[in-house]
Structure formats: structure tokens, C-alpha cells
Amino acid sequence: MMKKHLNDQLFEIIATSIKTKRLKAGTLLLEGPLAELFGVSRSPVRQALVNLHQAGLICTFDGRGYLVGAEPREVLRRKLEAADFQLATDEAQAPRKTESWKAVYDQIERDLLHQSLFGNYRINELELSRYYGISRTVSSQVLTRLSLMGLVERDERSRWQLGQWDEERLGELYEVRRRLEPYVLMRAAEFIDDEQIEGYIERLHQAMELYPDMDSRQFDDLESDLHIETLGRCPNRQMLQILRRTHSLLLSGKHILLDKSYFPDEEPFFREHLSIFENLQAGRPDLAAQSMEAHLVIAERKVKQRLAQFREQNVIQAVPYLERIEA
């Protein structure tokens, strides 16, 4: 039987602490400190808090974060501890990653992305399973997820293929994003509240102060704030499904551009994202859409430059589960 998703585990852990009164009514819950306490990224914590709010266990208030309880009351601000969630006394309660494919997913994602910079390949799924010491079921789950993001695809004989990341492919993907993301942002704007925008803006200001003393998970969260979380509020699910095929571009940032050896002297995209969110905050989704298009033009140029730099400076060791497809 499969384990529950991480955000579902977090929901249950926090809900239990609320129902058993370990967390008193009015206790302030912030996703950053909770993510640090549980040792996870912000994204599953964010979703767990949204679900807790929908369940009426926590509420929003005139401030950042959530308060325990169905209605706002006096705010109790304190540092939350493992004991508040019985993590110190009952290790079985600690959130764990869910399906077994997630244990190897990031490594396979990274390896395939690096290999894709140097050619087209056919993927031998049996050899991939042997190489990473996983079952065929797990390897299939990983490849299916990567196909949804546009990194791999099946050929006419249903064999998995890894396409090359060249300038033509990058240009095509960015063209899709420039055409769709500004419009999707305008559609999403009416479903984003001021508190959410303020939280995104605050994180960007913090990032600008920290840079370059950051890690890839922080970059990943900032990219997700705009290109996944915010755009994901668009009611047109078909457009979002098309855009999901371009998320492989975000993988290039996660596994290559965010390597500290490739950090530019100036922060990579924070001010561009900030302009978009500030326009949303001002009630000008039209200007936010213009800022989004300008951001994507700049991003395409930067990505092409840095991927070219990576190719020139690196030799990637071959893996036995890939067979090069000659043009």
C-alpha cells in the first residue's frame, strides 16, 4: 500500500496537534519555520496549510501566515518545537517522502537533464532500473512524471527517448511560454489575494538580501511562487496542461543554472519577478503580463548563454541505460 503524499502527512500531523490542543488557538503558523522544522521544502507545507484552512482548523488574519482556530483571535507568536508535533517522542510521526519513486527521482532527473545537453538518446528502461537499483514499476513512474514535464517522450514504437536540449528546442519552449504565460497570469490574477502576493514579495526581498548565499531549494521555491503556484490559479486547466510541458525549462535552472559555479554577479531573476508581483499588487494585471513577457525574453537569453557555458566546461560521463541516436 502506497504511503501518503508529503503534504497529506503534514496535514495530518498539524491537524492532530491542533485537535489535541498541543497547538493552542491563536498560535501563528508560518510556512518557512514549519518547512525548516519538518525538514522539507515550502511547497508541501504551503499545500498542507491551504488544506487545513479549507478544513476550518486554521484561519487567515490581518497578517502573514495562519492562526490556529476557525476564527482570528489574539496572535500567539512563539518558536514551534518538535514536541509540538510529537516528533521528538514518536519518530514514526515524522513526515516521510511518499512513493518509492521519489527517493531516486531527483537523481534521475538531474542525470537525464545533463545527458540531454549532448545529444539524442533512447532509454533502456531495464538498464535504468538496474543502474539505480529500482524496480521496473518505479522506473516507469519516474519516466512518466518526466514525460509530463517534457523532458522525455515515447517514440512511435512506445520506447522512451531523451531529446537534445539545443537552441532550437529552447526557442520553441520559450515561444510557448511567451505566448501563454502573460495571458494565463491575467486570468489567474483575480484568484490571488493580497496576502499571498505580499508573501511572494517578502520572499523576493529576503532573497535579494541573501544572494548569493542561497541553495537550489530556495531558488526552486521562488520559481514555483510565480510560474507554478501563481499561474496555477488560472481557471483554464487546458492551458495549464500545455504549460506543464515547458516546466522542463525550470529543471535546467534547478540542476544547472543554480550550481554556485554558474551564479551570475547579479541576482538572476528576483527583480523581474518582483516587478510582476508589484503590478499584481497594484491591481494592474495588464502591466504584470507585460512584465512577464519581458522577463521571459530575458530568461531565454540567460538560459541559452549558461547552457552553452555548461557544455563548454563539462564532460558528462556516459550512463549504460542510454543509447545515442545519431541524426
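**Contacts, cores and ring pairs in the predicted model**

Apart from neighbours within four places in sequence, His-273 is in contact (heavy atoms within 4.5 Å) with Leu-204, Leu-222, Glu-223, Leu-226, His-227 and His-295. His-273 lies in helix H12, where helices (H or I, at least four residues) and strands (E, at least two) are DSSP runs numbered from the N terminus. With a relative accessibility of 0%, His-273 counts as buried, a term that denotes under 20% relative accessible area, with exposed being over 50% and partly exposed in between (1.4 Å probe, protein chains only). The structure is a predicted model, in which local features need pLDDT of at least 70 and side-chain atom pairs count only at pLDDT 80 or more, whereas totals for chains, interfaces and linings use all residues. Residues are numbered from 1 along each chain as its sequence is written, and side-chain values use heavy atoms, with hydrogens and water left out.

A search of the whole structure returns seven aromatic pairs, a pair being formed when ring centres of Phe, Tyr or Trp (its six-membered ring) lie within 6.5 Å, with planes under 30 degrees apart classed as stacked, over 60 as edge-to-face and the rest as tilted. One of them joins Tyr-211 and Phe-270 in an edge-to-face arrangement, at 5.9 Å centre to centre and 85° between the planes. Because Tyr-211 lies in the loop between helix H8 (194-210) and helix H9 (216-230) and Phe-270 lies in helix H12 (residues 270-281), this pair ties together parts that are 59 residues apart in sequence. Tyr-211 is buried, with a relative accessible area of 13%, and Phe-270 is likewise buried, at 0% relative accessibility. Ring pairs also link Tyr-131, Tyr-132 and Tyr-321 into a cluster.

Phe-270 is also among the residues with the most contacts inside the largest nonpolar core, which has 65 residues; such a core is a set of buried Ala, Val, Leu, Ile, Met, Phe, Trp, Tyr and Cys residues joined through side-chain atoms within 4.5 Å. Helix H7 (residues 167-189) contributes the largest share of this core, eight residues. Another core, of 22 residues, lies apart from it and includes Ile-14, Leu-23, Leu-52 and Phe-85.

Four strands form an open sheet in the order E5-E6-E4-E7 with antiparallel pairing, two strands being paired if DSSP finds at least two bridges between them. The edge strands, E5 (152-154) and E7 (322-324), each pair on one side only. Strand E4 (residues 121-123) pairs with E7 in the antiparallel sense over three bridges, and Arg-122 has Glu-323 in E7 as its bridge partner.
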